[in-house]
Every structure is written in C-alpha cells, then in structure tokens.
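Hi everyone, thanks for coming. Today I'd like to walk you through a structure, step by step, so please have a look at the screen.

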Amino acid sequence: MERYYQPEIETASREQLTAWQNERLVRQVKHVWDNVPYYRKKMEEKGLTPDDIRGVEDLGKLPFLSKADLREAYPYGLLAEPLKNCVRIQSTSGTTGKRVVAFYTQADIDLWEDCCARAIVAAGGSDEDVCQVSYGYGLFTGGPGLNGGSHKVGCLTIPTSSGNTERQIMFIRDLNATILCCTPSYAAYIAETMKEMGLTPDEIPLKAGIFGAEAWSEEMRRDVEKTLGIKAFDIYGLTELSGPGVSFECSAQTGMHINEDHFIAEVIDPETGEVLPDGEQGELVFTSITKQAFPLLRYRTRDICTLSHEKCPCGRTHVKMSKPRGRTDDMLIIRGVNVFPSQVETVLLNLGYGANYQLVVDRVNHTDTLDVLVEMTPEMFTDNLGEVSRRQKQIVEGLRSMLGLTAKVTLVAPKSIARSEGKAVRVIDRRKI
Amino acid sequence: MNVNQISVFLENRPGSLLAMVRVLAEKGVDMRAFSLAETSEFGIARVIVRDVEAASAVLREAGYVHSVTPLIAAAIPDTPGGLEQTLSALNDAGVNVEYMYAFVGSRQEGAYMVFRVTDNDKACEALSGAGVRLVSQEELEQ
Ligand SMILES: [Zn+2]
C-alpha cells in the first residue's frame, strides 16, 4: 500500500490545493512587496500593486525573475526577512559569475525538510530504514536537505557525505543501509565499484535510491537499478527555491510530483514568456508561496520540461513534471526542431559509447546542417571498415529517431574535441543569422 | 599460426596518416607491412610490426584508438598461379576472406600475404593441407 509523509496534503483535492495556493500567493506577494524593494520596483514598472494579485489566475501578471536578477541582487537584494530571523544560508556551485546565496528561516528549513521527507517516504522509506546520505554536505543543498528529510521520517541516518567510496560501501554493508541518497553519477560509481568487488545485487542491503542534482537518463536508471538491486527515484530541486525536494518521484516513476502547497509551477515559452498548457515543452518557472526569507516569484529555472495533471496511480494529486530535457541555454533550434545536446548524449550512451561529442551547426544554402562529431572509442572500433561504418550509421539512425532530423556523424580522433576548463565544448553554432 | 595486426583509427584529413607513421618511426617501431582502408570519412591503418606490444604501447601513449587482431600470413609461391592456388584452398574450405594485402618476405620466398578470414583455424588447416607455408609472428620477430 502506498504510504505518504503528509497524506492530507499530498492527496488533497485540486480545489483544496487551489484554495491554498490562492491564499498563500496573495500573502506572499504582499510580503515581497513590503520587504523586497528589488522586486517591488519590477512590479511598479509593470504598473502592479499587490491588490492586482487576487489568486493563482493573476500569477501571469507578475514579472519574471531570472538567474541574472539573483546575481544582480547578490547578496541581500532579494532577502525578505531581517537577518536576525534567518538561521542558515546555502549556496550554489556557481559555474559562472557570482554565487547564488539563499537564506532560510527555521520555518523555511522545516518546509524544505518536509519536502525531502515526502520524497523518502515516496521511495518506500519509513522509520524502519537506514538512510545513507552520500550527497555533499556544506553549502551544497543535497546533503543537508536529505539529511533533514531522513530525520523527519525517522530513518537511522548515516551522514557519509560524498567521497571515500570504499567507506561508503563498508557502511552500506555493515550498517545495512536500505536507502541511498546521492547524485546519479556517484550512484553509478558506487555500483561499478561494488561490481568490481564481486558483490551481487542480493549481497547489497539497499532497496531504494534517491538520486538527483544532475541530469540522468532512463538507461542510467535501469543500469543502477540492476547493479544495486534497487528501485531508483528521481528528485529535483534548486538552491534558489530551497534545495532538493521541490519535486520527487513516486512509485509510478513517470515524472516528479511538485510540492504544490509550497511551489506553484508554470511552463512557459522561453522566447515569448507565454504560459503553455500541459504536455507542451517549455521552460519551468516556479513561485515559492510559503518561503519567508528568500521568496522567489516566477523564477525562471532554465530547465526545459512538461507538466502533467493526469491522475497518478500513487494517489498523490500534485502536478507532475517530466525529467528536464535540458537547459534553455543549451537549446538549439535546427530546421525548426528543438535540439538539446543531452539528447545526443543519450543516443551515444544507449549505444554503449562515451559522451565525448560536439554539435556543429551551420547554414548551407539557407538550410541548417547538423554535424555531430563523435570521438572514436575502443568500444566503437574494429579492424573491419564495414563494421565501423555500420556503427556510424547506427548513430545516425539513433539521432534521427531521437531528434527527428538527419545529422551527419563524423568519427574523430580521441581527445580531438576542444575542451575548455576540462569540459568538452558541446556546441559550435556557425550560423550567421 | 597467426601474425598480429595492429589496426589504427585515423581521421580522414590531410596529415593524419603521416602523423601516425611519424609517431611509430620516432619510437623506432619496425614495420613489416602496411595497408590503408578508407571511406570518405575515416580510415583504418593496418600494420604488421616486429614487436606488437611495443608498438601498441607507443600508439596508446600517443592517444590512438587501435586494436590487435590475429591474422593468417602465408608465403606465396613465387610462381605463376601461386596466389590462385592459395585462394582456392581457402575457398574450397569455405573460408571467406574479408581483406588481404601483400608484403615483402625473405629473399628466397618472395611475397608474403596476410589474410583476414572468418575462421583462422580452418584457414590454417586448409593452407597447410595445400602445402602453403604459414608464417608466424615469432618468425617476423627474428
Ligand atoms: Zn505519483
């Protein structure tokens, strides 16, 4: 039987959810207007006052916030509570420019940990479980979030943080950890290490994994599930909104339930800002309606996904989001088709190859061309020319069915794709438009 | 009785073959045979060397994707119909040749030929049966 951490909230009727959202949004807009001059100015520029926002149906009137706003307002510009009411900060890894610093009151920490607790229970966790948190602890939200959620559920919590894989495995085995929380790539690494140690899935006590904080594919899920003998659940979140647990997967494993009593989700056309209906792919936008210290209204996540209000067999009523397909920054439009480098990566990984590739887009005779450079790997190579050509065509076919367009695949020498600071340069767009 | 061929992936662009040959030459790798297969997009260099392990290490170090494949090598009688006789022995045994190329053997014997076939054991048997002398990797190492 399906269990819930907060059943009355997680299975609330749509009417109830809307009623909560209406009331909380109105209150939150007023809180922000009163305490965040940065956002108040944005509202004033649109000729808005809090009176214009009477419920969720008015949400679309509010201005967006973007990552650029967060950088501009660093560090205190979006803070909505006096610092004496704040008890914690967390911070993003900040790949470009300034870091994002998010503030929390004790109530903010509580709601965040509740969200993580819902995710753990949805993954089958209870106070009978031993939950190993192998996300990094510290400024990164992964460790603290799941740690707090695990406490709330009543699991025995092992705060290993990331790294020292042998010790991770020792704790899993000696203390009978049943739930593992970490990034999917670290889970894959732990699985790989266990396999090398000759451990079979039934010698590993784990039964579930809660993996997030980076993009991962269905293939990767199946792999990790098989090697560790677990069911693997996706979890989604952003430091800007609290951390992991903004949404989480249930037993159906067909999308992540967004905690709608705390966050209102919209999907918009990244070009026009227009709100899109269920099922249409666009940029995910969140409004946090309960957070006190760092309440973001209509925050553009840059993640591309779809929403679904379809009834879920798990009984939860909160809207589901698909696994993000990529970031708006990475999206390419080629011959009118949206293409994400991550889709190319999925095709290559599916065929058992590495993820060293580069997309070269050009325009020849008014038509876009896509050339995918793939670094040759020992797995892809044989002495037989025909066989290598066949494997190359297989990649072309895989790309055609994934992207809906024909790409040229060029096999190139290992390590020949330009790298910048250790990361491969994924896209070269030579189109002059 | 096999010889080990090293196959190397090459991009099809000017200079890539030269760069690889140069790497081998600089490290003193002694090549006995060389053949190139290519499409418009990439190429595979096939090399027979005296010391397979050393050559493989040199290529690995230089970052080349390559593989080592056991092939059949035979001394082809330097008489009219010598190659025909060899090929028909393979044909009669039902062994398919995927590719083959020649290289210079000893002064007395003339040409050596390497064959990439579907079944090495069967090919060895067929050629020995037809009186064709097989060449081993050890012999190349001398
Ligand atoms: Zn569900």
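Let's count salt bridges: between chain B and chain A there is one. Which side chains meet in it? They belong to Arg116(B) and Asp383(A), with 2.6 Å from N to O. Do keep in mind that this is a predicted model.

Polar contacts come next. Across the interface of chain B and chain A, six residue pairs are in polar contact, with both partners at pLDDT 80 or more.

Now, which elements of chain B give two or more residues to the side that touches chain A? They are strands β1 (3-11), β2 (31-38), β3 (42-49), β4 (66-75) and β5 (97-104) of chain B. The biggest giver is β1(B), with five residues. If you sort that side of chain B by class, you get seven nonpolar, seven polar and six charged residues.

Let's step back to the whole interface. Here 20 residues of chain B are in contact with 18 residues of chain A. Together the two chains bury about 1400 Å² between them, and carbon and sulfur atoms give 64% of that area.

Finally, let's look at one residue inside chain A. Where is Thr290(A) found? Look in the loop that runs between β11 (282-288) and β12 (299-305) of chain A. Leaving out residues up to four places away in sequence, Thr290(A) touches Arg24(A), Gln28(A), Asp108(A), Leu111(A), Asp261(A) and His262(A). With His262(A) there is also a polar contact: the side chains of Thr290(A) and His262(A) are joined at 2.8 Å.

Terms used:
Residues are numbered from 1 along each chain as its sequence is written. Chains are lettered from A and ligands numbered from 1 in the order in which they are written. This is a predicted model: local features need pLDDT of at least 70, side-chain atom pairs count only at pLDDT 80 or more; totals for chains, interfaces and linings use all residues. Side-chain values use heavy atoms; hydrogens and water are left out. Contact means heavy atoms within 4.5 Å. Buried area is the accessible area (1.4 Å probe) that two parts lose on being put together, summed over both. A salt bridge is a side-chain nitrogen of Lys or Arg within 4 Å of a carboxyl oxygen of Asp or Glu. A polar contact is a pair of N or O atoms within 3.5 Å; within protein, one must be able to donate a hydrogen and the other to accept it, and residues adjacent in sequence count only if both atoms are side-chain atoms. Helices (H or I, at least four residues) and strands (E, at least two) are DSSP runs, numbered from the N terminus. Ala, Val, Leu, Ile, Met, Phe, Trp, Tyr, Cys and Pro count as nonpolar, Asp, Glu, Lys and Arg as charged, and the others, Gly among them, as polar.
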